[in-house]
Amino acid sequence: MGAGASDLAGMEPGGKVARAGLGDLPELCAAEVLLYLDAPDICRLARLNRAFRGAAAADFVWDAKLPENYGHLLRFVDEAKEVGSRGSRSEMGKKDIFATLAKPVPFDGGKREFWLEKSKGGICMALSSKALVITGIGDRRYWVNMPTTESRFHSFAYLQQIWWFEVVGEVDFSFPAGTYSLYFRLHLGKSSTRFGRRVCCSEQIHGWDKKPVRFQLSTSDGQHAVSQCYLDEPGSWILYHVGDFVASSSEQPIKLKFSLAQIDCTHTKGGLCVDSVVIYPKGFEPERVIRAQK
């Protein structure tokens, strides 16, 4: 009876106390812990021991990290794949689905893409300059499309000189419910690489100190934002904040219209790189942000 009591008390033969470690944690308990962590932390803990590795594969852990409309988002993945590679979605676990959506998913012929932000699980989107309506873009006297390694789309539109500067875009998408921020990603001065070093040519920068540029954002459900600022910081890519919007339902698409303009024709302006428009969950700012004045 004494030996039995010692075993129940956690004693090893010989009277030594058996020490329990994290590896002895039941897998279900480990999974409950992972529910409170972000995806990168879950992956780090999965490398710790067998219990967390098994728990990190549980569907209910990753189901809590996925947006409500992940099934709808996966349709874009299907469209981006070759026909012969379809048909495996039913075999995917929730962890695999999260990993798939965390990679850029191109659509609209590769001119747009979205992805799942790994830390908080929000949806991000980017539109290349080729997805935007840019006044005079077809005339090489005004605009030049330039290759680059500094854009996720591998090119940007460079403005040499123009009188009427206007960039307009639209998005019609089912965003998961939440608040989002929309930005123009711009660079004052021609960015390039020379002999392995990044250089910025500022020779053609002019006109932006005369009048501020004007940003506008409107949504199909009546939200509006208007702001303006001067472009006066050359040499680096900057996210210019256009405005915020609220997606109230992941089941209903919301249509966005946005623009960037400086249409005072009393002077020309030039020397500006237009890379993309990006949409992030509010508060997520991976690059430097300038907030225009309302």
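I checked burial for Tyr 183 and Tyr 280, and both are buried. This is a predicted model, so I keep in mind that I'm reading computed values throughout.

Next I ran a search of the whole structure for aromatic pairs, and it came back with 20. I picked out Trp 143 and Phe 165: their ring centres are 6.2 Å apart and the planes sit at 25 degrees, so I logged the pair as stacked, the cut-off being under 30 degrees. This pair links distant parts of the chain, with Trp 143 in strand E5 (residues 143-147) and Phe 165 in strand E7 (residues 165-173), 22 residues apart. I looked up burial here too: Trp 143 is buried, and Phe 165 is as well.

Back to my two tyrosines. Tyr 183 and Tyr 280 make a tilted aromatic pair, 6.1 Å centre to centre with 50 degrees between the planes. I find Tyr 183 in strand E8 (residues 178-188) and Tyr 280 in strand E15 (residues 272-281), 97 residues apart, so I noted another link between distant parts of the chain.

For charges over rings, I have Arg 152, whose charged end sits over the ring of Trp 115 at 3.9 Å from its centre.

Last stop was Ser 129, in the loop between strand E3 (123-128) and strand E4 (133-134). Buried or exposed? Its relative accessibility is 6%, so I count Ser 129 as buried. Leaving out residues up to four places away in sequence, I see Ser 129 touching Ile 134, Phe 156, Ala 157, Val 274, Asp 275 and Ser 276.

Conventions. Residues are numbered from 1 along each chain as its sequence is written. This is a predicted model: local features need pLDDT of at least 70, side-chain atom pairs count only at pLDDT 80 or more; totals for chains, interfaces and linings use all residues. Side-chain values use heavy atoms; hydrogens and water are left out. Rings of Phe, Tyr and Trp (its six-membered ring) pair if their centres lie within 6.5 Å; planes under 30 degrees apart count as stacked, over 60 as edge-to-face and the rest as tilted. Helices (H or I, at least four residues) and strands (E, at least two) are DSSP runs, numbered from the N terminus. Buried means under 20% relative accessible area, exposed over 50%, partly exposed in between (1.4 Å probe, protein chains only). A charge sits over a ring if NZ of Lys or CZ of Arg is within 6 Å of the ring centre and within 35 degrees of the ring normal. Contact means heavy atoms within 4.5 Å.
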